[in-house]
Amino acid sequence: RETNASYTLLHLQAQSTQLDCRIPFTDEASIYNAITCCGVMLYLNIETEVIQKNMQQLKPVSMRLELKKGVNQCSIINDSYNNDIDSLKMALDFLEQQEGNAKKTVILSDIYQSGINNSLLYGTISKLLKQKKVYRFIGIGSEIETCKNLFSDVPHLHFYASTSELLKHLNDISFFQETILLKGARAFEFESVASRLEEKLHDTVLEINLSAIRRNLQLY
């Protein structure tokens, strides 16, 4: 595969079939998903021209590594579609790929049903944050809050029992020129956090009243 700034070119081979396929993604999770899709379509004997055409037109899944502009010259990565240790690793890799903002911030909720002891789980996450040189960490949930002593290597730390508590104090945190990763279980409804942090864009509508223009011309 060849990865560029805005797309990835896949060189695939399935038995005797060779296929070059361009996809509009650069992160590992999307690349793996695209390879799986190509494999299924080849198994179903779909023509390679159809596969190539449609793979180029893929759109990102909502709340899955969704990159948007944020307030105060920040960038927001909304990856609150699901929350587990493997998808967190991929999201942190995607966070590291982003250019422009030197400071990295991670907002993470409790990880449910991991099958791992909390101390081991959040200790592993703390090491990942240190490796990625995360500047600010915000932990949401009762489980992660009880393990907050494990995150001492991150320069700036905030912990809240719930998403609603974070929203109450969000204005007290001075986000500026940061890339912010939102990674939360669906129960935490991180879309409300994303809505607060995203840059608000408004349409401007120009209306021309021809009757008023005619009356003005007649008056003049």
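Is Asp-153 buried, partly exposed or exposed? I looked this up in what is a predicted model, and at 48% relative accessibility Asp-153 counts as partly exposed. Its partner is Lys-130, with the closest N and O atoms of this salt bridge 3.9 Å apart. The pair links distant parts of the chain, since Lys-130 is in helix H4 and Asp-153 is in the loop between H5 and strand E8 (156–160), 23 residues apart. Lys-130 itself counts as exposed, at 54% relative accessibility.

Entry on the other salt bridges. I counted nine salt bridges, among them one between Asp-93 and Lys-132, whose closest N and O atoms are 2.8 Å apart. Here Asp-93 belongs to helix H3 and Lys-132 to the loop between H4 and E7, 39 residues apart. I noted that Asp-93 is partly exposed at 29%, whereas Lys-132 is buried at 13% relative accessibility.

I then turned to Arg-136 and Glu-178, whose side chains meet in a salt bridge at 2.9 Å, N to O. Arg-136 lies in strand E7 and Glu-178 in strand E9 (residues 178–183), so this pair ties together parts that are 42 residues apart in sequence. Both ends came out buried, Arg-136 with a relative accessible area of 5% and Glu-178 with 0%. I also recorded a network of salt bridges that links Glu-66, Lys-68 and Glu-198.

Entry on helix H4. The helix runs over residues 118–131, and I found that its 14 residues reach 20 Å from first C-alpha to last, close to the 20 Å expected at 1.5 Å a residue. At its start, a side-chain oxygen of Asn-117 comes to within 2.8 Å of the backbone nitrogen of Ser-119. After the helix I noted Lys-133, which has a positive phi, near 55°. Among the buried residues of H4 are Leu-121, Tyr-122, Ile-125 and Leu-129, and their cover includes helix H3 (85–97), strand E6 (103–109), strand E7 (136–140) and helix H5 (142–146). Lys-127, also found in H4, counts as exposed at 58% relative accessibility.

Entry on cysteines. Why did my search of the whole structure find zero disulfides? The sulfur of Cys-21 is 4.0 Å from the closest cysteine sulfur, in Cys-38, which is too far for a bond, and the sulfur of Cys-37 is 7.1 Å from its closest, also in Cys-38, again too far. I noted Cys-21 as buried, with a relative accessible area of 0%, and Cys-37 as partly exposed, with 39%.

Conventions
Residues numbered from 1 in each chain as written. Predicted model: local features only at pLDDT ≥ 70, side-chain atom pairs only at ≥ 80, totals over all residues. Heavy atoms only, no water. Disulfide = S-S within 2.5 Å. Buried < 20%, exposed > 50% of the residue type's maximum accessible area, 1.4 Å probe, protein only. Helix = DSSP H or I, 4+ residues; strand = E, 2+ residues; numbered from the N terminus. Expected span 1.5 Å × (residues − 1). Contact = heavy atoms within 4.5 Å. Polar contact = N/O pair within 3.5 Å; in protein donor to acceptor, adjacent residues only side chain to side chain. Salt bridge = Lys/Arg side-chain N within 4 Å of Asp/Glu carboxyl O.
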